[in-house]
Amino acid sequence: HYESALALVESGEHPDLEMELATNLGSLRMAQGQSADGERLFRKALDAGEKVYPPEHPVLMRRLCNLGGVLAM
């Protein structure tokens, strides 16, 4: 369901929703042991979030933490 929903919003019209869906799907992929896909999705979430929030916004910090966690693995 996450993949289908993410595909619907990848047009860029709803970057905030794209960010949330990519984060959730990335977390799911990490739990499934698919770290490369998790990294890709966390990067997608960060990219989408940067379209909505200023660089110092706490929402982006969470996305950076997710990406940092997967890279540390």
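Q: Is Glu 3 buried, exposed or partly exposed here?
A: Glu 3 counts as partly exposed, at 49% relative accessibility. Keep in mind that this is a predicted model.

Q: Which residue does Glu 3 form a salt bridge with?
A: Arg 29, with the closest N and O atoms 2.1 Å apart. The two residues sit in distant parts of the chain, 26 residues apart: Glu 3 is in helix 1 (residues 2-9) and Arg 29 in helix 2 (residues 15-31).

Q: And Arg 29, buried or exposed?
A: Buried. Arg 29 has a relative accessible area of 10%, and the cut-off for buried is under 20%.

Q: OK, switching to Glu 20. What's the salt-bridge partner there?
A: Glu 20 pairs with Arg 63, and their closest N and O atoms are 2.7 Å apart. Glu 20 lies in helix 2 and Arg 63 in helix 4 (residues 58-72), so this pair ties together parts that are 43 residues apart in sequence.

Q: How accessible are Glu 20 and Arg 63?
A: Glu 20 is partly exposed at 33% relative accessible area, while Arg 63 counts as buried at 3%.

Q: What about Asp 37, which Arg does it bridge to?
A: Arg 40, with 2.7 Å between the closest N and O atoms. Asp 37 and Arg 40 are 3 residues apart in helix 3 (residues 35-50), so about one helical turn separates them.

Q: Which residues get joined into one network?
A: Glu 3, Arg 29, Asp 37 and Arg 40, through salt bridges that share partners.

Q: How many salt bridges does the count come to?
A: The count comes to 6.

Key: Residues numbered from 1 in each chain as written. Predicted model: local features only at pLDDT ≥ 70, side-chain atom pairs only at ≥ 80, totals over all residues. Heavy atoms only, no water. Salt bridge = Lys/Arg side-chain N within 4 Å of Asp/Glu carboxyl O. Helix = DSSP H or I, 4+ residues; strand = E, 2+ residues; numbered from the N terminus. Buried < 20%, exposed > 50% of the residue type's maximum accessible area, 1.4 Å probe, protein only.
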